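Dear colleague,

I am handing over the structure below, together with notes on what turned up when I went through it. Please read the notes with the model open beside them.

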Amino acid sequence: MKKLSKYPIFLFLYSAAALFILSYCKSDKHLPASEDLGSVKNQIIKNNDTFEKQINELTVLVSNNSDEKKLQEKFEELRKTYKKMEWAVEYFLPHSARFINGPALPEIEMDEHTEIEPEGLQVLEEMLYPYDQGNKEEVIRFLKKLINKSNTIETNFQVITVSRDQVFDALRQEVFRISSLGISGFDTPISGTFLKEIPYSLQGVKQTLQQISTDQSKNKALKSILNEIDTAIEILKKNTDKNTFDYVNFIPDHFNKITSLLLEFKNQEKIPDVEITTALHKNAATFFSKNAFNPNAFTPGKEFAFSNEKAALGQQLFNDKMLSNNNNRSCTTCHIPEKAFTDGLAKSMSLENSELSRNAPSLNYAGFQHGQFWDMRKDDLEGQSSDVISNKEEMHGDLNVILAKINQDKKYQTAFTKIYHSQKTEAWQLQNVLASYIRSLAKFNADFDEYMRGNKSAMTAHQKRGFNLFVGKAQCAICHFIPLFNGTVPPTFKKTEQEVLGVAVNGDNTTFDNDLGRGKFHETVATLQHSFKTPTLRNINKTAPYMHNGGYKTLKEVMNFYNKGGGKGVGFKVDNQTLSDAPLQLTDQEMDDIIEFMKALDDKKP
């Protein structure tokens, strides 16, 4: 892209005049003048200039063999500067953001079975904490790559259009990002400096809100938001120790208030919604609001949209043995409601009563994942249902035979016709109603949800301590993201992650489990070997035994495995392990507190 400064002067003047006329014709007393959005872009470019300057300064320090402490101090300054403009880069330039501050793991091109080298701040963090001068040239190489990304930021924000509704949407996403990824230390897994950085993210939000506001909210919602942000920053500055910070109160008392006030600001300023389907509803005041999540963001298309009628019909079929070849098995055989839609077995049983290869995963929150089954071999629940039905070992059903039965059944055919307005039921419709029922199973009514909605008596003291450990010292929330507690990455929820843990055959951690997981379908991609989807921890107390192989009988066995540093920590050779192999140093009591917290994620019966 060309920079605006290189445009012919007459074209610039013509464009500016046209913009002024358009703004005048559509003038609204509730909207700021067009140059206010220009000031937003200018601020982003200004922050980026500082960012680039600091990259160059760090490069000089590395070149001059400065000591580790100086390098780390300059690096932390660099990260704080990025945090001020993170809201904009993540929203308007998501691909660049992935290579500026994404995980220090290869980006995988699934269709081409290839890996793209990771780069950016998290890669540099790994090289600077601690710093080995033997890696000097590599550090400089990655700093040069970061300069290129900084140039991309400048070039794009010189020419792109930044509208007021988009800016508000981006700011709202940023607060939700901080409330989940930021507060867990997702992008500072080694240095653990995230509590020092969050104030800079909040300052970026605060400054930009002031730039897009008018008198409509000045003494109302805007004033309240700015006060709440200032209060949150003061608390963050008082304690930057991730192991002792009070996450369990900070999130509902401050982050939830800020996101709620943002909706008031939006209404007072009459800012319209950005018209795009998102996982988090535009009217969700917090992550924990009832009906905050939109299941349609996870469907294959508009015709697959969720409805209660589809879910009710899907429930009937879920319990109907006609879906199996011999009419002797229904979906509930392996997905029992009382066990959070698992079967309580280490590995499910086949039609021939022999053990299958994996543990039956819970279906309760399966609708909020991009990738079904432990190996993520299907993109969505529609694909998952047909795979299970047709699997020779699981149900051995024939979709054509099942559809013939449905079309001959007056009750079913009437229901399908009412929903889909077609004379005969089609395969995709059967898949859709089954998927819709599974999407209806996410209740979000656990004690944890009640606590986050303001009921401070909903969790016990043990559970509150457990949550603080879960987010802080134990680093569980780095992979099991709040509030879904699965691997679907907030705040956009467009990607579900898989991890390589180095899981053993069972809880004694003596024999490595050789199941390739997702790697079976991508044999040439080293990082995917033995990788599995990160499941939700909601209702985890009901779904023993654990892991993809069901080899861990209790949550204490699972916690012991993580506490030791996963497969590497127990002595396995797992070169591509994504879980940190550093021991967590959790005491027995701390592990018990985390387990007590996880019990607070159990949904209540309706």
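**Cysteines**

A search of the whole structure finds zero disulfides, a disulfide being a pair of cysteine sulfur atoms within 2.5 Å. The sulfur of C331 has its closest cysteine sulfur in C334, at 9.1 Å, which is too far for a bond. C331 is buried, with a relative accessible area of 13%, and C334 also counts as buried, at 16%; here buried means under 20% relative accessible area, exposed means over 50%, and partly exposed lies in between, with a 1.4 Å probe and protein chains only.

**Basis of the values**

This is a predicted model, in which local features need pLDDT of at least 70 and side-chain atom pairs count only at pLDDT 80 or more, while totals for chains, interfaces and linings use all residues. Residues are numbered from 1 along each chain as its sequence is written, and side-chain values use heavy atoms, with hydrogens and water left out.

The UniProt record, an unreviewed entry, places the feature "domain: Cytochrome c" at residues 309-442 and 461-602; its positions are given in the numbering used here, feature names are shortened, and annotations may be inferred rather than shown by experiment. Residues 309-442 are 40% helix and 0% strand, with the end C-alpha atoms 16 Å apart, whereas residues 461-602 are 25% helix and 3% strand, with the end C-alpha atoms 17 Å apart. Helices (H or I, at least four residues) and strands (E, at least two) are DSSP runs, numbered from the N terminus.

In helix α11, which covers residues 308-318, the buried residues are K310, A311, L313, G314, L317 and F318. Seen down the axis of α11, these buried residues fall within an arc of 165°, so they line one face of the helix; the arc is that of the directions from the helix axis to the C-beta atoms. An α-helix has 3.6 residues a turn, so residues three or four places apart point the same way. The partners against which the buried residues of α11 pack are α13 (399-408), α14 (410-420) and α15 (427-439), contact meaning heavy atoms within 4.5 Å.

**Aromatic rings and charges**

Rings of Phe, Tyr and Trp (its six-membered ring) pair if their centres lie within 6.5 Å, and planes under 30 degrees apart count as stacked, over 60 as edge-to-face and the rest as tilted. By this rule the count comes to 35 aromatic pairs. In one of them, the rings of F245 and F250 have their centres 5.3 Å apart and their planes at 65°, so the pair is edge-to-face; F245 is buried at 4% relative accessible area, and F250 is buried at 3%.

F304 and W428 also form an edge-to-face pair, at 5.2 Å centre to centre with 70° between the planes. F304 lies in the loop between α10 (247-269) and α11, and W428 in helix α15, so the pair ties together parts that are 124 residues apart in sequence. F304 counts as buried at 12% relative accessibility, whereas W428 is partly exposed at 26%.

The charged end of R538 sits over the ring of Y365, 5.3 Å from its centre, and K411 lies over the face of Y412, at 5.1 Å from the ring centre. The rule requires NZ of Lys or CZ of Arg to be within 6 Å of the ring centre and within 35 degrees of the ring normal.

With kind regards
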